[in-house]
Amino acid sequence: MYGMLYESVQHYIQEEYGMETWAKICQIVDCKHTSFKTHQIYPDKLMPDIAAALSACTGESFDFCMNFFGKCFVRFFSNFGYDKMIRSTGRYFCDFLQSIDNIHLQMRFTYPKMKSPSMQLTNMDDDGAVILYRSGRTGMSKYLIGQMTEVAREFYGLEVSAYVIESQNDICGGTAGPIKLTDGPLTVIVKYRLDFDNRDYMAKRVNIVAHPSQLKMPAVDLNVFLELFPFTIVLNHDMKITLAGEKIIETWILHNPGVNPKAFIGTHVMDAFKCRRPKDTKIEWDTIIKMRTVLFEFELIRTGHNRAAYDAALNIDYENYDGESLNEAQTMAVEKAHEFEKTHEHDEEAAAASKDEIDPATGQRRPSVGLRSILLKGQMFYIKDVDSLIFLCSPLIENLDELHGIGLYLNDLNPHGLSRELVMAGWQHCSKLEMMFEKEEQRSDELEKSLELADSWKRQGDELLYSMIPRPIAERMRMSQEHVCQSFEEVSVIFIEVMNICDSGSNNIQEAMQAVNTLNKVFSALDEEIISPFVYKVETVGMVYMAVSGAPDINPLHAEHACDLALRVTKKVKAHNLPDVAIRVGINSGPVVAGVVGLKVPRYCLFGDTVNTASRMESSCDPWKIQLSNFTALKVREVGYKVEPRGFVKVKGKGDMETYWLLEGPE
Ligand code: HEM
Ligand SMILES: Nc1nc2c(ncn2[C@@H]2O[C@H](COP(=O)(O)OP(=O)(O)OP(=O)(O)O)[C@@H](O)[C@H]2O)c(=O)[nH]1
């Protein structure tokens, strides 16, 4: 489905429910698009998925959300100036309802791959109307209700109550979850009742006063019609072709080589055509006679193509043709046509091309070899004088290539009909549009790239920030801009010092670089062992690496996690076998106050005697040993950690302290 529909949904969800809700919805439906491109096609199922996600986020029903999306579309398409098109469809809401198909048809150059639904007004009365919706998509029936009610309100000042009378293949009612769209072409048919004040329109229809000059109009000779509309066909009550315009007969012969050219007249319309729109319509007199405001699309059935047979058939003397009396050239051409059929009957391409050139699901033509089928678009009119239906139609041709692909030329198209203009206009329009699309694609690709760049810068910025300030603290500060300072009842502080690295202050550059490299190796090894949120790296000062467990995320197992880290890093640095290098670790547990200090290069710092003591545990420790304060040692011994009393140690500023060596973790 084209991105324009998703743009409207994204815009109004962000406006009415906020950016966070939209971000949450994107997460739920795993939508990576930061924005949608108007003319790019996205998966159909994204629409019901977004509706289900919005329903989950807001508690509104799925149908409510789809209805809301339909309203968004109408409000949004005014940005493209489409509101003028709606207003121009007619004075009354019913005029609009009868023009929706045509609106989509007019859009086919702007949205060439559009799979638009078809709408048919089947009944009107003073209190409203009944409309039949057909589509290849499920789950959009409530979307249409949103669109129709919003158009009625916004453009006709009408309050319309719309509801489903009956439906086929549509998941109707308060569907909670996303509608699973089937992968094959499926026709969803939904009949709606629209209740609104329709008296003015009905009065206008009933009191149509014909101009006096129209009262004495002579009956029209059908041949005039067939001359004016050379693709027209006339149908009797059995829906058989009783008369046809010259061009449709020629085209039928061209596309059905070797078939008796007189066979076209008298054949049932569905033996010569396929009804493309409205989908799944029963082509019988009683049905069609009621569908006079509907736009029909008939595709000519082809059995192949052969120019020779066409030429031959053109010269056939219809009156006396009995299938035998062909001259030599015609006989040869028709035989050639039969040969062509035989040699190509297994030819996949020709078969595919002739069988079904219009993709039933998209309503679009498939690329085919050689000639293409012709699509006729028009309305069915009842002509009382001859008690017949006349399909007043013109070929629907996208562009010049298509015209040649069908085997027609511009002067085959009736000069007063719109086809010729449409082809030329379409052709110019297309080339202009293609240029515009390319520019738009370029711009949106650039936008996409700059958004990705901005994203990566933001990520790098965040990583840098989180390397200075713990993520939960940074996010709190970002949300509330408040200064963050917290006290923690009990944490475990770890100090790790790298020993015997020559003083980087020495003036021997070589040694200093060597020292920095070695230190970087060790600190990087320590960084790899920091597992957030159990342990958080606080800082490195000189050769000392400081970490904490139990802040900023409260962690009742802070002492165990601190000891585990100490055991892991001792083992890991030992395994590095760095010449002369050793480390020593000190751990103490207790209360601290933590907060972010400083504006430039803000740091997350810990304050309190617990920190000072932990530092002393490290600075009075032996190489490759882990010294625990008494409090920490007794805590971890209870849960199976092996500790060994070191006895009383004279600790600066603390006097004699009983400390322990940590030997290993629990079994
Ligand atoms: C006025 C300008 C309009 C434009 C440019 C437009 C264009 C489109 C486009 C591009 C699609 C997507 C189809 C696809 O990607 O295959 C679409 C779908 C649809 N349109 Fe329109 N449309 C317009 C007006 C309307 C109106 C007024 C209605 C009904 C009140 C309507 C009913 C629908 C519905 C129900 C769909 C969903 C597709 C489906 O059900 O299969 N459209 N339209
Ligand atoms: N890396 C680091 N070390 C700290 C921090 N707080 C205290 N220390 C160290 O803990 C030790 C004990 O601190 P205090 O009891 O305040 O001792 P001091 O008199 O400030 O410093 P000394 O000269 O080492 O005695 C000192 O070596 C401090 O450097 C800290 O936030 N980070």
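Which residues of the largest nonpolar core touch the most other members?

Tutor: Bearing in mind that this is a predicted model, the residues of the largest nonpolar core that touch the most other members are Met-47, Ile-50, Phe-69, Phe-93 and Leu-194, out of 68 residues in that core. The largest share of this core, 10 residues, is supplied by helix 4, which spans residues 62-77. If we follow Phe-69 and set aside its neighbours within four places in sequence, we find contacts with Val-9, Ile-13, Met-47, Ile-50, Ala-51, Leu-54 and Tyr-143. Apart from this core there is a second, separate one of 36 residues, which includes Ala-244, Phe-264, Met-291 and Cys-393.

Strand 3 and strand 4 (residues 188-195) run antiparallel and are joined by 7 bridges. The sheet itself is open, with 4 strands in the order 1-2-4-3 and antiparallel pairing. Strand 1 (118-125) and strand 3 (161-168) each have a single partner strand and stand at the edges, so one side of each has no neighbour in the sheet. On average, and with direction ignored, neighbouring strands are turned by 20° against each other. Helix 8 (residues 141-156) packs on this sheet and touches strand 1, strand 2 (128-135), strand 3 and strand 4, while the direction of helix 8 makes about 30° with that of strand 4.

Key. Residues numbered from 1 in each chain as written. Chains lettered and ligands numbered in written order. Predicted model: local features only at pLDDT ≥ 70, side-chain atom pairs only at ≥ 80, totals over all residues. Heavy atoms only, no water. Core = buried A, V, L, I, M, F, W, Y, C linked by side-chain atoms within 4.5 Å. Buried < 20%, exposed > 50% of the residue type's maximum accessible area, 1.4 Å probe, protein only. Helix = DSSP H or I, 4+ residues; strand = E, 2+ residues; numbered from the N terminus. Contact = heavy atoms within 4.5 Å. Pairing = 2+ DSSP bridges. Axes fitted to C-alpha atoms, helices over the stretch in contact; angles between N-to-C directions.
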